[in-house]
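This report concerns the way in which two protein chains meet.

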Amino acid sequence: MQSKRWMKSIATVTLAAALAACASLPSSAELDRQAQATMKASFRDQGIAKVDRLNQDLGQQACSVPSAPSPELVKRIEAESLATIKWPAGGRYFGDWREGEKLAQNGRGMTWTDASAAPKDNGASCYNCHQIDQKEISFGTIGPSLWNYGKLRGVKDVTDPAALPIVQYTWGKLWNSKAYAACSNMPRFGHMGLLDEEQLRHVMALLLDPKSPVNQ
Amino acid sequence: MKRLWIGAAGLMGLTLLPVQAQKSSADAIAEYRKMLEDGNPADLFEAKGEALWKQKRGPKNASLEQCDLGKGPGVVKGAFVELPRHFADTGKVQDLESRLVTCMAALQGFNADEIAKTPFGRAEQENVTALATYVAAASRGLRFNLPQSHAEERRLYEIGKRVFYFRGGPYDFSCASCHGEEGKRIRLQDLPNLTKNPGDGIGFAAWPAYRVSNGQMWSMQLRLNDCYRQQRFPYPGFGSEATIAVSTFMGVNAKGAESIAPSIKR
């Protein structure tokens, strides 16, 4: 009896020690919670960049991990994102590719050193991540090359009904990239109010207009 | 005469950059860096930092020579490549800059909160950057080896990983958007993959650094601060837990990488 109790207390001590070693790192779920608290506590408002920028939506939260979210979640994010796309008034998809090129070159906007968050003060930042016009050698490689974007997709006349699927896809991709890839690295230019419809039309022309230097 | 020639070659190197850069912006910068090797302006900050370390300053009129950067009071060499680490006296994991501020408060009587609130490049913050440059330089050529024996160090690594992958803001960016893959660029700027050891003198092993483009000495805290600005996030507090955690994540990942800090950047 005595020794049994003694054994039991030894076992308890051993178990406690083992637990202490394990418990030195909280559970993954607890670490997730702590990391959220760390983010909330570590940032403050500065200019137009307020702390509410850290309030994540479903997609931002699901894509904050090294691996892809579950297939069900991916499907849900893509479906919900697709539903947010606002199609252009009167089916007017195209503006001036020259203005589009200016926007593509302009990587400014939305930082705490920018005075305004209005679309007119934002660039489209395209060259930061994509090759577009081959003449511009200073381009990033996070996104795919968009050189000959329209030409490669057989767009000879943007008003041709046969071109409509790629025209709509491109508008949708610019409006909310997550409609087609839940964890896309690309910002949601329309959905997040980064560019207005007129600016998006110009970028559309840069990519798809047969006269655009991109399609020569 | 020789100096003038080197200066001219340096300028030529810069103007040649955009042409060569598509193929090898990193090579061109390495070449430029080589040309400036005898004259990296970071040396001036290093010398200033060393003087500040030894100078009696602050309300307590004391030097920082008894400051414990993790390897015992006064030990500077080798400290940089083991930071951030846990400190028993503060009960916190601290990076180089937040630790320096702790020492400035404890030994010299400066107000730590006031320094943390001071913008980069001004007043005592400018001194913190110079001190960090001096401490980093004393570990030049040594390899990163952050301790992970304390539970809090391991916890901060895990928090740092989550901070690194945290997506938010109007652009949906996280650190991983730019630094999660091999061989990517923004415009012509090569982006190190910071989820692993990116190589000797790259990423965490290169800062503090002198930036040629704006003529400023940038500490790691300022490097992170500007990353978050470009991520379109709100403003990270100096020495805030998110910045220490993500530094721990990058520092542990860089295990074995040779430190070239203070380096020179475009």
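The following paragraphs describe the interface between the chains and then two of its parts.

The model is predicted. In it, 38 residues of chain B are in contact with 44 residues of chain A. On the side of chain B that touches chain A, the elements giving two or more residues are α1 (2-35), α6 (151-164), α7 (175-179), β3 (184-186), α8 (220-230), β7 (235-236) and α9 (241-253) of chain B. The most is given by α6(B), with seven residues. By class, this side of chain B holds 17 nonpolar, nine polar and 12 charged residues.

The crossing in which α2(A) passes α6(B) is right-handed. The residues that meet there are listed by helix.

| Helix | Residues in the contact |
|---|---|
| α2(A) | A:Leu31, A:Asp32, A:Gln34, A:Ala35, A:Thr38, A:Met39 |
| α6(B) | B:Glu158, B:Ile159, B:Arg162, B:Val163 |

The residues of this contact of α2(A) with α6(B) comprise five nonpolar, two polar and three charged.

Strands of the two chains also pair. Strand β1 (residues 43-44) of chain A is joined to β7(B) by two bridges, and these strands run antiparallel. Within β7(B), B:Pro236 is the bridge partner of A:Phe43.

Notes: Residues numbered from 1 in each chain as written. Chains lettered and ligands numbered in written order. Predicted model: local features only at pLDDT ≥ 70, side-chain atom pairs only at ≥ 80, totals over all residues. Contact = placed C-beta atoms within 7 Å. Helix = DSSP H or I, 4+ residues; strand = E, 2+ residues; numbered from the N terminus. Nonpolar A, V, L, I, M, F, W, Y, C, P; charged D, E, K, R; others polar. Pairing = 2+ DSSP bridges. Left-handed = near helix turned anticlockwise from the far one by under 90°.
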